[in-house]
Amino acid sequence: MNRDWLPIKTTPWTLGLSLLLLFLLAETTELPQRIDYWLLDSALLASPASISPDIAIVAIDDHSLAQQGRWPWPRHTHADLIRKLHQAGASTIVFDVLFIEPSPDDGELSSAMQAHGKVILPIHLAPSSSRLLLSEQLPPGNLISAAANLGHAHVELDHDGIARGLYLFNGMGRQLWPSLALAASGVAPRQPHTQGLPAFVNVRDDYRIVPLAGGAGTLPTYSYSDVLGNPPATDAFRGKTVFVGATAAGLGDILPTPFSGLSQPMSGVEFHANTFSAINQRLLIITAPKWVGLALAMITLITLALLLPRIRPARTLPTCLMASGAVIGIYLVMLSVFQVRLLVAQALIIPLFAFPIASGLRLAMANQFLNRQLDELVRSPRVALPEPSKRPATQLLEHFQALFQPQSWLLMEAHNIISLRTLNPADVPENLEPGLWHHNGNQSWIQLYRGSNYYTLGFTLPNDLSREAIQRYLRRLKLSDMAPAVIKPKPSENISARIERVKVATDRLNHIQEFIRRSFENMPDGIIVTDELGIIRFANGHIEKWFREPMPSLGGLPLTRLLEGHDPRETPPWHETVSETLTLLQSRTVELKIHEKNFLIHFAPFALPDSVQYGIIANISDISELREQQRQHREAIDFISHDVRSPLVSQLALIEQLKRDPTHIDQSQLEQLGRLARRSYHLAEEFVQLARAEQLTETRFYECEFLAIVENARDSVSEQAVEKRISLQLQGTEDLWLRGNAELLERAVINLLTNAVQYSPNGSVVSLQVFRAGHEACLTIADEGAGIDPEELPFLFDRYRRQKRSELAGIHGTGLGLSFVKTVVEKHRGEIYVVSRPGEGSAFTLKLPIADPLS
């Protein structure tokens, strides 16, 4: 069994079932209830209810107790308060003071109540003693008769001990009493919905949440003793419902509210006054049935279960936050507009759980994916690309022997010889720096560290022009890593360790892919790879360069369209060649011409990975140089068959003539035979020199001084110039050092000077000017000859090309001299151009790069 025996996927079913399970688990705790309470409190605190203008409170506060004496007060005192409020114009008087026990002053109180006509008294539901059952504690009969209505004074505390609302009706099994605030609004007691209940059963109905206007002291409140001791305050009480109750500490109800908690509780009379204010403004809040909240939770669960598996991981958190925001938005709209409180804690728990569950499932999927990728990487074939700095010293010596074929070598571990040939420890230079090559003539040495051991490696290179290039290559080759090894701490988490392993493997694959990409990119041939429909999916830089098509436009372009657009043909058409390669799975090789260049394109089918179809690999080779060589070969054959053969035939004919009559050898015949021999030799020499120039490479370059080269060339042509009384005037004194082949450069200058002398009239001047222009060494050779016709100038440097004017004038050349000059100049990365006008002479200018003094 492998470590991924249980496949994990983020699907609507897996996510939905996980959310449902955690949802059911949360329902067994108090978390949903606490969330609902928190939401309700936050909403009420954020937007307190407005205060009804027709309400006031007369508070039995500490000041009143100090003035009127200890509680309870005589009932005639309350009768005086009723008369004062009646005179002040109070519409309704609501007492939150229990009058349960009979009193001698009940008659006076009853008379005052009847005189006002609208006084509400409270009842209390409680057992009369600890041994008795719950019962209704009513005022005495005469007070009941005088009261306009009776109401219960009970306020409901929620499970967390906070008072948020009350039952509008509460009573025993026979009838239900309205709350004090509801009784003040004129609502009478009613019968319970359930009949036949025992008389001692407490029945509560119609629970409402009261949106408070604020904490304790928010409503307009007047001290009991101040109202009694002063004239009637008509401005404060006219037309208002006045609640009378205790606010003093230790007297009356003490209710924690969302505004106060347990720090500043609210008195019962203030809570009932807030309830009356909310009833007048129709602000009481009803709680929706629990099934509504469950339905909303299920809708949220299903929505997230369907949506989250289909979106990107980065959008999971925003989606969950949006779902929570939508639920809260619905909650606030229902609460503020419709006064309906939804139990949305269950719906909010779903997004709260959805994010970690979805992330956990995706993490588990990623973990399984990493495991599979690691297994695939272990099983997949590898392209080993070990760094040279990690290779053993013995292996390095073996590789150097195969690469450079050194004449001798030495490899030592510390002072122990591992391998040697000719070299010995006495040849090791002193003070070798680890990791840096030391070159002494044709010997190269380096000291390497492999772990705690150090090695000394040296070998002798061939003492030829390639030695310097090899030593430059060795300087670039990093064979020793002197940086201290950095020990990375191992990840403590399993997933982190696997991510690190995948990262290492991915870096290795990226390195190999980069190696392969660069290999394809730098291949000498152009490469095109197509899919099964012949659509280009990959092309290297040669294709972009040769076809002059930008790389983005090549991807997705049909191969036939690319070929037809650059080399249209009818037989065979390109689509036929491409389609037969795909359908018949046979290779094809076709010639191609693009922008005046010749190519050979080879089509080969290959099997696509994970498919039964085949694509095409098209290998395009530039054969322009080959075609040019073939053309030059044909021209060389023509040259040999005509120019070289003609003087040889003439020489043979002349020799045969001399053999027939050896006694009459004329001096003119010998001179003619010498001219023919010299012409043959000159033709062969020009041909050989051109071949040498074409095979010239920078490995045969060395430091040489340009002015000395020109001087030597002038001296070589001086005899020819003297014969025609031509003056060779050299101007230039600066030493200009080049990296090149002095022999071939001198021969090129000789060719130019020979032409200048040959085409100049007797007694004229040929000037040679050597000078520096920026980073270039320049030579200008000017003559006073007949010049060159403008139509001849574009073809002047073509091989086997001769000027018509020169041929007609009897000056016969090979047509190779100037071609040789141009080849030598181009091999030295220089340039040559000519300025000439008929009758005014010609000026040839060479420009060659000066050697970098820092190299």
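This is a predicted model: local features need pLDDT of at least 70, side-chain atom pairs count only at pLDDT 80 or more; totals for chains, interfaces and linings use all residues.

**Labels and the values behind them**

Colleague: Why is glutamate 30 called partly exposed?

Modeller: Its relative accessibility is 48%.

Colleague: What makes arginine 34 exposed?

Modeller: Arginine 34 has a relative accessible area of 52%. Exposed means over 50%, so arginine 34 is exposed.

Colleague: How do you know that glutamate 30 and arginine 34 meet in a salt bridge?

Modeller: From the N to O distance between their side chains, 3.3 Å. The limit is 4 Å, for a Lys or Arg nitrogen and an Asp or Glu carboxyl oxygen. The pair therefore qualifies.

Colleague: How many salt bridges does a search of the whole structure find?

Modeller: It finds 18. Another one joins arginine 472 and glutamate 468, with the closest N and O atoms 3.6 Å apart. That is again within 4 Å.

Colleague: Why are arginine 472 and glutamate 468 separated by about one helical turn?

Modeller: Because they are four residues apart in helix α15, residues 466-476. Arginine 472 is partly exposed at 37%, and glutamate 468 is partly exposed at 43%.

Colleague: What makes aspartate 715 and arginine 714 a salt bridge?

Modeller: The distance again. Their closest N and O atoms are 3.4 Å apart, and the cut-off is 4 Å. Aspartate 715 is partly exposed at 44% relative accessibility. Arginine 714, at 24%, is partly exposed too. Elsewhere, salt bridges with shared partners link Asp41, Asp158, Asp160 and Arg164 into one network.

Colleague: Which residues does glutamate 544 touch, not counting those up to four places away in sequence?

Modeller: Glu549, Pro550, Met551 and Leu554. A contact needs heavy atoms within 4.5 Å. Glutamate 544 sits in helix α17, residues 541-547. The C-alpha atoms of glutamate 544 and leucine 554 are 8.0 Å apart, at a sequence separation of ten residues.

Colleague: Why is glutamate 544 called partly exposed?

Modeller: Its relative accessible area is 31%. That lies between 20% and 50%.

Colleague: Which residues in α19 and α20 meet?

Modeller: Leu559, Thr560, Leu563 and Glu564 come from α19, and Trp574, His575 and Val578 from α20. The contact divides into four nonpolar, two polar and one charged residue. Glu counts as charged, so Glu564 is the charged one.

Colleague: Where does proline 572 lie?

Modeller: In the loop between α19 and α20. The peptide bond joining threonine 571 to proline 572 is cis, with omega about -20°. Tryptophan 71 to proline 72 is also a cis bond, omega near 5°. Proline 72 is in the loop between α3 (62-68) and α4 (75-88).

Colleague: What is phi of arginine 282?

Modeller: Near 55°, a positive value in a residue other than glycine. Most residues other than glycine have a negative phi. Arginine 282 is in the loop between α10 (268-280) and β14 (286-287). At 74% it passes the 50% limit, so arginine 282 is exposed. Glutamine 339 also has a positive phi, about 55°. It lies in the loop between α12 (316-337) and β15 (340-341).

Colleague: What makes glutamine 339 buried?

Modeller: Its relative accessibility is 18%. Buried means under 20%, so glutamine 339 counts as buried.

Colleague: How many of the 855 residues of the chain count as buried?

Modeller: The share is 43%. The chain has 26 helices and 32 strands. Of contacts between residues at least 6 apart in sequence, 69% join residues at least 24 apart.

Conventions. Residues are numbered from 1 along each chain as its sequence is written. Side-chain values use heavy atoms; hydrogens and water are left out. Buried means under 20% relative accessible area, exposed over 50%, partly exposed in between (1.4 Å probe, protein chains only). Helices (H or I, at least four residues) and strands (E, at least two) are DSSP runs, numbered from the N terminus.
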